[in-house]
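Start with the view below.

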Amino acid sequence: MLITKYYQTDELSQAANELRLGELVAFPTETVYGLGAVATNEKAVKRVYLAKGRPSDNPLIVTVDSVEMAKKYILDLPAEANLLFEKFWPGSLTLIFKIKPGSLPSVVTGGLKTAAFRMPNNPVTRELIHLVGEPLVGPSANSSGKPSPTTAQHVMHDLEGRIAGIVDDGPAQVGVESTILDLSTATPTVLRPGAVTVEELESVLGCEINSEKKQVDINEVPKAPGMKYKHYAPDAQVVIVNENQWSDALEWAQKNTHQFGVMATENILTKISTKSHSIQLFSLGTDVTTATQKLFEGLRYFPEEMEYILVQGFPEKGVGAAYMNRLKKAAGNYFFEN
Ligand code: TXA
Ligand code: MG
């Protein structure tokens, strides 16, 4: 067992040394914390799958500090890529490109001819990559299947003893993973919704793109390989509660279970009577943006013996689309209906 160390943001050269030696170090990004290893070091990348308990057919994101670093690996850059780099990099948009054969180990790409590239909007992590001098793989730094980590403490909880360290830069600002856009196909396709929305992408590209939202049969739209696995799920059953259903949902929960939790915004929480001791509350802040920041933290918050967690639903607009995508997975699509 390794001793897992917290690195402060002024200790990046130590963290970079560990990475260069083939160790694993988790790093902050604006979306969620990532689990870093040097992307060109096959042995180190294999250890990422082991540490997370991740299936080996699920490819990893290549995290870069600049467009130039990504270009070393990309085979013919599509014309629209430059528009996207300009507008969204650094930021919460991961782009999939065809890569130069053999330029990255096949453990990174899961044997695909493409790879996913991301330049995070976090200067600390870009500096870390700059010090290492090579891209880092960066899957979310959680145990596979658990909610993604939005603080360094979440990473410690899941991976202590299995990685060398965690660079601590406080809570992540966005709270859900990046939007993934596939540019290796004829029509650009969103494989995973995130803070960068389909509408924003279409307005920059000036054309329609494929996404789950637009299809009648959602099975027709390709998804990122990782999206097929069970995700984000606490032991309790998560139940999605839409607006105007709170009083019915609370009545139902009080009748049917001794122990349940509620995750909702302040305006809803203040209406819930705390006289009933069996209810535990977690605040999602004020609106859909703060709710997105706090969603994964909330899913990790409740004790194991909790039977149900009632969680506020939001309209699938803007960042609400990413929030609902993760929440539906955590709930196995279980909506409260009366
Ligand atoms: O915000 C994020 O993207 C975070 C932070 C840490 O950067 N990272 C992240 O990584 O969410 P991960 O590994 O948890 O999710 C990456 C997703 C997986 O669903 C994987 O299947 C997909 O990206 N992916 C990776 N390479 C791909 C490829 N070549 N084609 C299609 N999907 C790919
Ligand atoms: Mg993940």
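**Fold and charged pairs**

The protein's secondary structure comes to 12 helices and 14 strands. Helices (H or I, at least four residues) and strands (E, at least two) are DSSP runs, numbered from the N terminus. The radius of gyration, taken over C-alpha atoms, is 20 Å, close to the 20 Å that the globule rule gives for 338 residues, so the protein is as compact as a globular protein of that length. That rule is 2.2 Å times the number of residues to the power 0.38. The C-alpha trace spans about 60 × 50 × 30 Å along its principal axes.

This is a predicted model: local features need pLDDT of at least 70, side-chain atom pairs count only at pLDDT 80 or more, and totals for chains, interfaces and linings use all residues. Residues are numbered from 1 along each chain as its sequence is written, chains are lettered from A and ligands numbered from 1 in the order in which they are written, and side-chain values use heavy atoms, with hydrogens and water left out.

Now the packing. Of the 338 residues, 57% count as buried. Buried means under 20% relative accessible area, exposed over 50%, partly exposed in between (1.4 Å probe, protein chains only). Contact means heavy atoms within 4.5 Å. Among contacts between residues at least 6 apart in sequence, 67% join residues at least 24 apart.

Next, the charges. Side chains of opposite charge can pair when their charged atoms come close. A salt bridge here is a side-chain nitrogen of Lys or Arg within 4 Å of a carboxyl oxygen of Asp or Glu. The count comes to 7 salt bridges.

Where does the pair Glu 177 and Arg 326 sit in the chain? First, the bridge itself: the side chains of Glu 177 and Arg 326 meet at 2.8 Å, N to O. The pair links distant parts of the chain, 149 residues apart: Glu 177 is in the loop between strand E8 (165-167) and strand E9 (179-182), and Arg 326 is in helix H12 (residues 319-331). Glu 177 is buried at 5% relative accessible area. Arg 326 is buried too, at 0%.

Helix H12 also holds Lys 328. Lys 328 bridges to Glu 316, with the closest N and O atoms 2.9 Å apart. Glu 316 lies in the loop between strand E14 (308-312) and H12, 12 residues from Lys 328. Lys 328 is partly exposed at 24%, and Glu 316 is partly exposed at 36%.
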